[in-house]
Amino acid sequence: MEHKAGFVNIIGNPNVGKSTLMNAFVGERLSIITSKAQTTRHRILGIVNGEDFQMVLSDTPGIIKPAYALQDSMMDFVKAAFQDADVLIYLVELGEKELKDEKFFQQITSSEIPVILLLNKIDKGDQTLVEEQINLWKARVPNAEVFAISALENFGVPEVFNRILELLPVSPPFYDKDALTDKPERFFVNEIIREKILMHYKKEIPYSVEIETEEFFEDENIIRMRSVIMVERDSQKGIIIGHKGAAIKRVGTEARKDLEKFFGKQVHIELYVKVNKNWRNDDRQLKRFGYNQ
């Protein structure tokens, strides 16, 4: 039996549903999802294994025009997704008409590898609008196969998955067949905490935050962890903590519940807040947090 394996990289504008799509393909909640733009900062791999295939899916940050060094690094992850893809998924949402970076768009339309364009969130429009959008994108990206889906409702996702399998090259697996992702456990701790901050804080606060899990000890029945929430200014530290610590307590409680689901065992988590001035523009700090690789 021939074995297929390949990298399937998902790109698109912010908030079009890239993380929801990858989680639907993988069947696990690997990428955090919020209604805010720039939720995904890293390139996250989700690995789907079958007896005769290994699909390595890649969730990437939404394409933006960078305003500071962190965003430059985020766009580097997108560039890398073009370089190693065996299948490229360009995800758009209903009503969208352009990619926010013309150079990336030209790379898609001139790609020599298979391109699948997915029109997402079709549950938000009627059949006439969906058909108009399909025709629009077929004209704009003539080298792509176009599918209409709802990643959130899992509509059309199995059909796309099967088409990707057909396009994968014959190859041995790239990772162990029991692997789910390339990221360590602490990465998912950091991301789940950051998701709660994105959900509960406004304006610049969520975008000024980075999480670092300094301790992670796992026993048979419990995981004990200590994580630090980095902010850029003293005023942000006070906002994160909240009146009498109520705000950070809510973040810790919600993160613990999700972490217990993720790891399948009891979790004890301690959260602290530190000021790390201008970390988003500090190359040394960005490398420490896994950017600028």
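Which residue's side chain meets that of Glu191 in a salt bridge? In this predicted model, the partner is Arg194, with a nitrogen-to-oxygen distance of 3.0 Å.

## The chain as a whole

The chain contains nine helices and nine strands, and its C-alpha trace spans about 55 × 40 × 40 Å along the principal axes. A compact globule of 293 residues would have a radius of gyration near 19 Å, and the 20 Å found for this chain agrees with that value.

Among contacts between residues at least 6 apart in sequence, 72% join residues that are at least 24 apart.

Helix α1, which covers residues 18–26, is mostly covered, with eight of its nine residues buried. Among the buried residues are Leu21, Met22, Phe25 and Val26, and Lys18 also belongs to this group. The elements that cover them include the strands β1 (4–11), β2 (44–50), β3 (53–59), β4 (87–93) and β5 (115–120), together with helix α5 (157–167). After α1 comes Gly27, whose phi is positive, near 80°.

Strands β7, β8 and β9 form an open sheet in the order β7-β8-β9, with mixed pairing. Its edge strands are β7 (210–218) and β9 (266–275), each of which pairs on one side only. Neighbouring strands of this sheet are turned by 20° against each other on average, with direction ignored. Strand β8, residues 222–231, runs parallel to β9 and is joined to β9 by ten bridges; within β9, Glu270 is the bridge partner of Arg226.

Two helices can be described together with this sheet. Helix α6 (residues 185–200) packs on the sheet and touches β7, β8 and β9, its direction making about 130° with that of β7. Helix α7 (residues 234–241) packs on the sheet as well, touching β8 and β9, and its direction makes about 150° with that of β9.

## Salt bridges

The count of salt bridges comes to 13. The opening pair, Glu191 and Arg194, lies in helix α6, where the two residues are three apart and therefore separated by about one helical turn; both Glu191 and Arg194 are buried. Another salt bridge joins Glu195 and Lys196, whose closest N and O atoms are 3.3 Å apart, and both of these residues are buried too.

A further salt bridge brings together the side chains of Arg288 and Glu212, at 2.5 Å from N to O. Because Arg288 lies in helix α9 (residues 283–288) and Glu212 in strand β7, this pair ties together parts that are 76 residues apart in sequence. Arg288 counts as partly exposed at 42% relative accessibility, whereas Glu212, at 18%, counts as buried. Elsewhere, Glu145, Arg163 and Glu166 are linked in a network of salt bridges.

Methods. Residues are numbered from 1 along each chain as its sequence is written. This is a predicted model: local features need pLDDT of at least 70, side-chain atom pairs count only at pLDDT 80 or more; totals for chains, interfaces and linings use all residues. Side-chain values use heavy atoms; hydrogens and water are left out. Two strands pair if DSSP finds at least two bridges between them. Helices (H or I, at least four residues) and strands (E, at least two) are DSSP runs, numbered from the N terminus. Axes are lines fitted to C-alpha atoms, for helices over the stretch in contact, and angles run from 0 to 180 degrees between N-to-C directions. Contact means heavy atoms within 4.5 Å. The radius of gyration is taken over C-alpha atoms; the globule rule is 2.2 Å times the number of residues to the power 0.38. Buried means under 20% relative accessible area, exposed over 50%, partly exposed in between (1.4 Å probe, protein chains only). A salt bridge is a side-chain nitrogen of Lys or Arg within 4 Å of a carboxyl oxygen of Asp or Glu.
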